[in-house]
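This report describes a structure shown below, chain by chain and site by site. Headings mark the topics.

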Amino acid sequence: MSNPTLTVAGLGVRAGGGPLVDDVSFTIDPGERVGLVGESGSGKSLTALAVMGLLPEGLVAQGSVRLAEESTDLLGADERALSKLRGQAMSMVFQEPMSALNPVMRVGDQVAEVLRIHQPGLHRAASRSRAVDLLAKVRLPDPARAARAYPHQLSGGQRQRVVIAIALANDPDLLICDEPTSALDVTVQAQVLDLIVAATSRSNTGLLFITHDLAVVATVCSRVLVMHDGVLVENGPVSDVFRQPRHPYTRALLDAAEPSSPAPTRHLNPTQRPSPTQPDPTPRPDGTRPDGTRPDGTRPDGTRPDGTRRPDPDGLDSAVEPAEPAPHPGPAPVIELRDLSRVYRRPRTSLRSAPSSVPALRDVSFDIASGQRFGIVGESGSGKSTLVRLLAGLDQPTAGSVRFAGRRVDGVPERRLRFLREDLQLVFQDPSGSLDPRMRVGDIVAEPLVAMRDSRLRRTQRSHRTRVDELLAAVGLPADAAERYPHQFSGGQRQRISLARALAPAPKVLVADEPVSALDASVRAQILDLLASLADTFELTLVFVSHDLSVVRQVCDTVAVLHEGRVVELGPTERIFTAPEHPYTQRLIAAVPSVSRALSGTTVHDLTGDKARLEASP
Amino acid sequence: GSGTTGETAGSDTSLDVGFIAEPASLDFTRNDGAAIPQALLVNVYEGLVKLDAEGRIVPLLAKSWQVSPDRRTYTFTLRDGVTFSDGKPFTAQDAAFSIDRVKTSWTTSLKTGMDVVARAEPVSATTLKVTLKRPSNSWLFAMTTRIGAMFSRTGVADLATKPIGTGPFVVEKWTRGDSMVLTARDGYWGKAPAVQRITLRYFKDPTAMNNAMRTGGIDVISTVQAPESLPEFSDTSKYHVIEGTSNGEVVLSYNNSKPPLTDRRVRQALSYAIDRKAVLDTAWAGHGTLIGSMVPPTDPWYEDLSQTYPYDPAKARQLLAQAGHPTLTLRLRIPNLPYAVASAQVVKSQLAQVGVTARIDVLEFPARWLDEVYTKADYDMSIISHVEPRDITSWGNPDYYWRYDNPRVQQLLAQADSGTAQQQVDRMKQVARTLAEDAAADWLFLLPNLMVADPGVRGLPTNVVSEAFDLTAVSVARS
Amino acid sequence: MLLRFLTRTGVFVGSVAAASVVVFGFMAVLPGDPARIALGVNATPAAVAQLRREFGTDRPMLAQYADWARGLLVGDFGESYVTRAAIGPQVLDRLGVTLWLVGAAMVVAVLVAVPIGTVMAVRHRRPSGLALSALSQFGIAVPAFLTGVLAVALFAVHLGWLPAGGYTPPAQDPVMFLRQLVLPAGALGLAQAAILARYVRTAVLDVLREDYLRTARAKGLTLTRALVRHGLRNAAIPISTVLGLQLATLLVGAIVVERVFVIPGLGSLLLDGVANRDLLLVQGVVMVLVVAVLVVNYLVDLLYAVLDPRLRRAT
Amino acid sequence: MSARHRSVNPSLLAGGVLVGLVVLLALVSFLWTPHDPDRVDSAHRLLGPDGSFWLGTDKFGRDITSRLMVGARTTLFVGVVAVGVAAVLGTPLGILAGMARGWRGGLLSRATDLAMAFPALLLAIMFGAVFGASTLTAMIAIGLATVPAYVRIVRAGTLAVMSTEYVLAARAAGRCRLGIALRHVLPNVAGLVIVQGSVSFAIAVLAEAGLSFLGFGTAPPTPSWGRMLQESQELLFTHPLLAVWPGAAIMIAVLGFNLFGDGLRDRYDPRLERR
Ligand SMILES: Nc1ncnc2c1ncn2[C@@H]1O[C@H](COP(=O)(O)OP(=O)(O)OP(=O)(O)O)[C@@H](O)[C@H]1O
Ligand SMILES: Nc1ncnc2c1ncn2[C@@H]1O[C@H](COP(=O)(O)OP(=O)(O)OP(=O)(O)O)[C@@H](O)[C@H]1O
Ligand SMILES: [Mg+2]
Ligand SMILES: [Mg+2]
Ligand code: NI
């Protein structure tokens, strides 16, 4: 066995107080691809930064870090010595492609710079042409032109390729990637992952791949390290770890990441019905039971009393209408969209060109029936949020119409949308951004009540209080939450507050715009469960927006696929997932990595779909 | 300043003199303001007569003059060979023209000084006859001020920037906001000045002027505006401090038409309440003279009246009580000038001791002070220094800002003007005494003429008795 | 790029026009009759009326504004009410003096603030950085005129190294010009430097937190070189904004410093004008000061596009 | 998270102590001063510090300690008026500019930019010329001249708040625009206003000193630190202590408010808050 490329022994990182990373040891062999997974805040990035010697100010590392060729311990080395190694023997790709490049410097120069730093003799012109070669190697279309571009002129995926080109420029022995694809769409992610794998195997580079997505690790890496609270809890070949997780934490992660498939349309079990023993203070039942568990049997933290997580669904609930909604058998549709278009105008930036316009939505028409769980999927920029804003009357369409319960929503000033506000409420993506940091939770939840001065719910300040308490209980928050401020809650809890607020006016329709994409996998599962159970308890119609196909699959019975502002496919969830008709849907579904498929042999390259077609349309 | 270093006395010397007030323009026929005659009179423009250092009227462009027995006709014999700086000769025609022009073209109210003139006629090239409507002593005196300045008949087109006079200097350059350069001219009729080039440098800030003096930026501080700083110049090997008197009576004026200041007892009480020695000591570092009426010691009718109202707060309280004003609030509206601001604070503190509250209101000078106090007389008390020579005559004008209407004073002043020299002195003394007894105002002190000069600078005027800052006799001696 | 240039120019021209209305309007409501004031207290009423006719101040406001604005376009600011001299050349003359002072102060400020601010940011947790931060706080807390007065006391009066004040045009005596410029520019510049250094610190701290700086270090640049090669140009964008805004402060700070150092600049012209109620002159000076600030902000605006390619989008 | 929050911010602490000192001086001066601050006494002129006159006397024989104490009132008055005028006008205008849509918002920000070109001291000098030099007019002018700075800052804050999801949520909940302005925007920009306030407080104190230097500031005999500094100028070489006391007082006040503002800024900096 040859010398390992990287040897990390007893690595610890501490701030002023306790350790953030503790006693982490592992090795990476030449050409080996090692995944490092764990939740947000578990210490993954700090581990990587400690190896690179790029820890933020105020943090100190102990232990030892050695590279194959270097005899010295990197942790003891000074900035000058480290800078000789960085970009040469080891290099790193960061998460945010948007900000990792200097916005005021041409891309080609930024690539050329890394060459010239480590090869002082290299001529400017030579380094420029080498940079173009490198850009070509990361399959950037028209590399010569890209080299002259500034970062803002490239898309996120293209930028990430540039960063990878910089990292690979000097054929490093070790490449560290810190969540290189979490900011990218699945289809782009597949291409970037493919690129990383191809490049590292070509030059036998050791790879440390950091992500919170187990499926990606399973697809990319041969060995996996699992980190929890700054400690390595698992270290072994992917197939072993993922098939037989030893640590409960790994098991929990796996559970959350990979809902047993085929995913059902509902995760309801009989206990979700309101308990008849509990007095019902409102027309709608309170969701909390006396033992503190929620109707689905989980505790507010998402675990069940027996310590397991969400059980396998036991099929369809007989009390619920059929999964496959007939075109118009039941009640009339709640929401009707007709030829809906929305074009954003950007201010003109040049005299010669007309002001640019972005068609965010084009001729979208569909109905959502009462009681339906309607999913909308699509990549970033496909128009999902635009659609949601139009639905909620928060924006005006350029053309077409939106009707709610038969009444026009478009073209009506916001203050005359009372009927809509009473019956349709929103939950947003960012659990912290959607809560006013300077308002008490109680006031936040009561806001729709106060704002509407609802005649139907005409209440005094006091009864607002009781209503707020009910709602907080329904979403599984402690009663004293009303007096606290949002920042005193975790991400998952904040999203529960959002939910409580949305439920306040007892709406008929709940529209959720990516409500879980900012959450960790484990918390995500809890919120999805809660959403599903609340929808059921309160007999809500759910409109659920996400870019994450697996999430939609867990929650919705019907799915619309948006692509560049158009609905390219619409139908029952299972049908779309098992037999997608539109090529875009097919590509989308293929690009989603999954642990099980990876374990059964799917490679990164497979995710990218038909290679020839991809290269043709960059 | 720096130019003088190392040079010997001779025709090539130069001198830098620091001043506070800069002229707004060079045309005193249309612009008021003491800074213009200060720079130009005697130096650039000359009159028929001028005041000497003791305040006597002496010949200048006129060699001599005769007064007719009825004292209404003055016959001046003019000097020969006098030329203007543009080369034109100065004749009796020019003199008559200049006198007439005051009445026709001047816009400032000082022109009234010429109202008494009936005719001015050139008799020959060097003889001028001036006929007055009535005898007037003040007319000949006025001829020493700016209205007596002689202009060329062909040189009044651009007075604001190009003054043309018969004096030893010409204005070579005027950098507004900074300095004015006077250079000695060829062809001056009298003794050529010892200094070729005099730069008048203008400083808004007294401290800046002191610093310039200490760093060699200037050779003379024309008037020390911060007497407290004089100890900085105590090194007699480097500085020469000149202390003389000036015309500037610092007057605590009362609005005589405004109750309760119409009551003589109230005014007297105020005068008793003020310790003028303390005012002088604190406000002007003890430099200056206590006077007691509107007459500086350089005037022929000067008498020491400074003890008319000795400091006596008890008496002041008693008089106020008699007048029915045991407590009193008065507005003390002053210009934002250093001596006024300093004096006002002392006055306020002293008046407070006798139950009089003075509310100080600092007005921007000149604009707001002139408008509100001087023109509209919207004030109870004010403090300002009256710098015009022989300005006691203003007490004869009932519309003047102190609104003092005393027929006896008016009559005495008229008699003094038309009487003989002896009568004039006699009547003027009576006026001064009347004013003092009447407590028509309180004369806090007379501003000193404080100058700091390089020890080598000679011939600076010790006393300021006229409107001019006479630079003609200045010389510089350097080792 | 061209579009940006045109819109900015449009905004600039509009602002100047609006500024002229504001300045004129303000002067129009100033109490006090220029003719009266110009003639002084001893003026006769007839002379005042006549002068008012001469000045044209007896005409309607709109006509006066139109005249004035038309004059401004060709650099004719009218004639001073007090001296009857043309205001334009005078103002431009003084502007030249003030620009030297302000320009030199700006240079001092930048030369001092950029390195110090950068060190403050890079070492913001170390004693040296904290000491510099504290020092800059003190620098901000001392009024510029006090610095000036003390500098004169020390360097001119006590040590005699430099003149206490005054101004000599550079064409006349370049050495004297420079010697006289040192203290005022220093006094004015250092006060600004203290403020600017804090902005530089913030800007550099922001840049230090940026991902691209980490990328640069991951490439193999040391922190210092990464900062110089990648950081400063990015930091220059917010700093140039501050510089533009500081110019307004500097121009006004110059009023005070000109007084301390006896410099015949715009500041003393303004104060004279105000004192003499030479309204047209004040109007002209204020207009020039305001336009100077607008011009600089306009230039800074255009400079952004040079510094930041994101603003040069040509598509 | 909370542990890091509880640790006291050193500049907030230092600023608080200095500002507290100034406030304390001002408050005590209402009840007691060692001597009558305005009492002129020619017998006790220009004394050095001693048992009775702790910091000595000025050229009028007035007690410097007493005058400094009363001067603290002027300083606070100056700051309160200037900051009050600026914040009361600037905050609503800034919110309006941030919330107004279309050309109205644009016009407001253009007007703000233009107003920024009229520097504070300039306005104060012109106000002084029109309405007479007094502390009040000077400070109203300084306050007015600071309004644009507030408009800018508040507008930027408002724009940030308006683009958050919680405002979207409030709209979805049916809040009217006024409700959003009062319940969401105002509380969230309040931090910015407070920070800006303490900084402009410092600026106002400096401006008052500068104006007093030019003769447009506080009228005598009301003690003001700026005026005391100006009066001490002519005695700089003979009695330098006279300049030291007010100079130090101004520095302490400005330093205090600046540090306080910096501390508050750190407190409210979202970047620091998020950690
Ligand atoms: N500069 C710092 N000072 C103090 N604590 C820090 C610092 N940077 C990170 N931490 C803390 O260290 C812990 C580990 O952070 P790290 O960035 O390594 O997490 P991560 O696993 O990469 O999470 P994510 O998936 O969100 O990127 C977290 O609790 C974080 O709050
Ligand atoms: N206010 C706006 N002005 C101009 N363009 C906009 C605006 N809002 C959205 N767009 C553009 O409209 C398109 C659709 O945006 P939208 O926010 O609906 O996408 P999305 O599907 O929600 O994406 P994401 O998953 O990133 O949230 C994008 O190209 C976006 O850049
Ligand atoms: Mg991380
Ligand atoms: Mg979206
Ligand atoms: Ni007099």
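## Chain C: burial and fold

Of the 315 residues in chain C, 57% are buried, where buried means under 20% relative accessible area, exposed over 50% and partly exposed in between, with a 1.4 Å probe and protein chains only. The model is a predicted one: local features need pLDDT of at least 70, side-chain atom pairs count only at pLDDT 80 or more, and totals for chains, interfaces and linings use all residues. Residues are numbered from 1 along each chain as its sequence is written, chains are lettered from A and ligands numbered from 1 in the order in which they are written, and side-chain values use heavy atoms, with hydrogens and water left out.

Chain C has twelve helices and zero strands; helices (H or I, at least four residues) and strands (E, at least two) are DSSP runs, numbered from the N terminus. The C-alpha trace of chain C spans about 85 × 60 × 35 Å along its principal axes.

## Confidence

The mean pLDDT of chain C is 83, and 95% of its residues score at least 70; pLDDT is the predictor's confidence in each residue, from 0 to 100. Within chain C, helix α2 (residues 34-39) has the lowest confidence, with a mean of 69, and helix α5 (residues 87-122) the highest, at 89. For the complex, the predictor gives an ipTM of 0.77 and a pTM of 0.80.

## Annotated domains

An unreviewed UniProt entry lists "domain: ABC transmembrane type-1" for residues 95-300 of chain C. UniProt positions are given in the numbering used here, feature names are shortened, and annotations may be inferred rather than shown by experiment. Residues 95-300 of chain C are 85% helix and 0% strand, with the end C-alpha atoms 20 Å apart.

In chain A, the UniProt annotation "domain: ABC transporter" (unreviewed entry) covers residues 6-254 and 335-589. Over residues 6-254, chain A is 39% helix and 24% strand, and the end C-alpha atoms are 27 Å apart.

## Nickel site in chain B

The nickel ion (ligand 5) is coordinated at 2.2 to 2.7 Å by Asn247(B) (O), Glu249(B) (OE), His386(B) (O), Asp391(B) (OD) and Asp391(B) (OD). Donors are N, O and S atoms within 2.8 Å of the metal (3.2 Å for Na, K and Ca); water is not among the atoms, so sites may look incomplete. Along the chain, the donors of the nickel ion (ligand 5) follow the spacing N-x1-E-x136-H-x4-D. Asn247(B) lies in strand β12 (residues 240-254) of chain B and His386(B) in strand β15 (residues 381-386) of chain B, so the pair ties together parts that are 139 residues apart in sequence. Asn247(B) and His386(B) are both buried.
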